[in-house]
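Let us walk through this protein strand by strand, then turn to its helices and cores. Keep the sequence and the 3D view side by side.

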Amino acid sequence: LKYLAHDINGISVPWLYCGSLFTSFCYHVEDLHMMSINYMHESDCEETGGKIWYGSPPGEGALLFEAALRSSVPRLFEAQPDLGHDIVTMVSPVELIDRGAKVYRTIQRPGEFVVTLPQSYHGGFSLGFNVGEAVNFFTPDCLPWMRSGVEICRFYRRQPVFCLTELLMAVAERIPFHADLTERDAIILENELTEICDDESQIRWIVVRALGGFFDVADDIGEQGQVCSLCRQWCFLSLLR
């Protein structure tokens, strides 16, 4: 995230959270399926701990969790199909397990970290007054997960917090100058850039065949604020008016 053009509060800049008894953070996955790291500074309930966390594993576990959540509150999902991506819904973990989800529980105490994996649903509540701090991060291994997060944003027409393609291009341009990127990281990055190029080429050919037109090099492509009016994704590599 150090390659982002701008700092984003809660994403690349940590947020401080103050909780009290039973204040909740509802089930959600992190933006673009990133990882998160959460640290508890202090709590007034040393014996019982500061927060109870519930979490599900990624991949198949996320699909099972989503299915259980949808079957628990079907009317809410009918009104808002992308409800699972907002931090507004809490269902008993016992009910979710009964409906086929895999849900695990942990207690976080002062001085302890909780790390969430890509596409891992998590939620919970405070056991008393506590102060925590959280921020997102990801490693090159997370990039395939994040690409799937972009596809989900496109499907539900949700605007991502940042343009993943722009970030990957920024990383690629700086590879010769940063020793912290290994050869394995470069291979992963190459695979992701290849996927981006293939998708872009396919979409451009569809447009050319449909409209019989040509792509111009636009000066304002990639500028902040250029968002597709259909899928709400950032327009970085191309822009069609």
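Strands here, like helices, are DSSP runs numbered from the N terminus, with at least two residues (E) for a strand and at least four (H or I) for a helix. Two strands count as paired if DSSP finds at least two bridges between them. This is a predicted model, in which local features need pLDDT of at least 70 and side-chain atom pairs count only at pLDDT 80 or more, while totals for chains, interfaces and linings use all residues. Residues are numbered from 1 along each chain as its sequence is written, and side-chain values use heavy atoms, with hydrogens and water left out.

Stay with β7. Strand β2 (residues 24–28) pairs with β7 in the antiparallel sense, over 3 bridges. Strand β4 (residues 51–55) also pairs with β7 in the antiparallel sense, over 5 bridges. Gly 55 stands opposite His 122. How many residues of β7 are buried? The count is 5 of the 5 residues in 122–126, so β7 is largely enclosed by the rest of the structure. Buried means under 20% relative accessible area, exposed over 50%, and partly exposed in between (1.4 Å probe, protein chains only).

Now find the open sheet. Its 4 strands run in the order β1-β8-β3-β6, with antiparallel pairing. At the edges stand β1 (15–19) and β6 (113–116); each has a single partner strand, so one side of each is left without a neighbour in the sheet. Neighbouring strands are turned by 25 degrees against each other on average, direction ignored. That angle is taken between axes, which are lines fitted to C-alpha atoms (for helices over the stretch in contact); angles run from 0 to 180 degrees between N-to-C directions. Strand β3 (residues 35–43) and β6 are joined by 4 bridges in the antiparallel sense. Ser 36 has Thr 116 in β6 as its bridge partner.

Phi of Leu 32 is near 55 degrees, a positive value in a residue other than glycine. Phi of His 33 is positive too, near 60 degrees. Leu 32 is buried, with a relative accessible area of 5%. His 33 is buried as well, at 4% relative accessibility.

A nonpolar core is a set of buried Ala, Val, Leu, Ile, Met, Phe, Trp, Tyr and Cys residues joined through side-chain atoms within 4.5 Å. This one has 22 residues; among those touching the most other members are Leu 32, Leu 143, Phe 162 and Leu 168. Two or more residues each come from α4 (143–156), α5 (164–174) and α6 (183–211). The largest share, 5 residues, comes from α5. Apart from this core lies another, of 17 residues, including Tyr 27, Val 73, Phe 77 and Tyr 121.

In α5, the buried residues are Leu 164, Thr 165, Leu 167, Leu 168, Ala 170 and Val 171. Their cover includes α4 and α6. Leaving aside neighbours within four places in sequence, Leu 168 is in contact (heavy atoms within 4.5 Å) with Leu 143, Leu 189, Glu 192, Leu 193 and Ile 196.

Finally, step back. The protein has 6 helices and 8 strands. Of its 241 residues, 39% count as buried.
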